[in-house]
Amino acid sequence: FIEKVAEEVRRDRRFGLVRKYAWAAILLVILRVGGAAFNEYRKITDQRNAAILGDKLYEALQADSATRLTLLDEIKPKKIDGIALVDLIKVNTLIELGSIDEAIKLLKDISSNIEYDSMYRELADFTSILLSDSSLQQKYEDLKSYTQPGSTLRLIAMEEVALIQIQLKDFSEAIKTLDALIQEPEINRAQATRASDLLWTLRDPVSTNSSE
């Protein structure tokens, strides 16, 4: 009799729990279904916004530099990556217009904005180093960190460092840098050709002596 009563109590408790928390289960199902629908809506919305941004950027890039700058100022991307992309195109346009100081200022703003992806920030900092009026030695020091393994700008940085080493007449180090660059598995054909040509020039005694 006690076992039967205990079983009835357990059954009543189970039914009570079901009645009490049924709304939570229903809500969970609604959230899962609604979440999937929202994700699809978000994907569609993101694709539409990306297409609109792409059309506006294409229109701006077809214009002359001065007009492009005006058109870029009118573009208001909804995503942070889009904002960073527009800013970087603005930098390139300012360089075309000869407004180097403004370009460097914008690059520093980009590189210091923690909301931007590290890729955009590193690219902005790297470009600002190249555009700066710092001494060759200072540029060399600033670029060295980008030549380390793992840097997305490693190959470009190695080539730039080699060029600075050549300008500093540190030919032996330039040869080492270019040798290492050629050994990189991800180097493209154009960059490999440039590095090989520089190496050939540096290892040619006549060319090296004439450059000195």
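Mentor: Let's start with K90, which is buried, at a relative accessible area of 16% (buried is under 20%, exposed over 50%, partly exposed in between, with a 1.4 Å probe and protein chains only). This is a predicted model, so local features need pLDDT of at least 70 and side-chain atom pairs pLDDT 80 or more, while totals for chains, interfaces and linings use all residues. Numbering runs from 1 along each chain as its sequence is written, and side-chain values use heavy atoms, without hydrogens or water.

K90's partner is D73, in a salt bridge with the closest N and O atoms 3.0 Å apart (a Lys or Arg side-chain nitrogen within 4 Å of an Asp or Glu carboxyl oxygen). That pair connects distant parts of the chain, since D73 sits in helix α2 and K90 in helix α3 (residues 80–96), 17 residues apart; helices are DSSP runs of H or I, at least four residues, numbered from the N terminus. D73 is partly exposed, at 42% relative accessibility, whereas K90 is buried.

R68 belongs to the stretch 65–74 that makes up helix α2. Its side chain makes a 3.2 Å polar contact with that of T93 (N or O atoms within 3.5 Å, one able to donate a hydrogen and the other to accept it; sequence neighbours count only through side-chain atoms on both sides). Leaving out residues up to four places away in sequence, R68 touches A60, L61, A63, I89, T93 and E96, with contact meaning heavy atoms within 4.5 Å.

Now for the other pairs. The whole structure has eight salt bridges, and E159 with R194 is one I'd show you, at 2.6 Å from N to O. E159 is in helix α7 and R194 in helix α9 (residues 189–203), so this bridge ties together parts 35 residues apart in sequence. E159 is buried at 12% relative accessibility, while R194 is partly exposed at 41%.

Then there's K144 with E141, a salt bridge whose closest N and O atoms are 3.3 Å apart. Both residues lie in helix α6, three residues apart, which is about one turn of the helix. K144 is partly exposed, with a relative accessible area of 31%, and E141 is partly exposed too, at 37%.

Technical notes. Helices (H or I, at least four residues) and strands (E, at least two) are DSSP runs, numbered from the N terminus.
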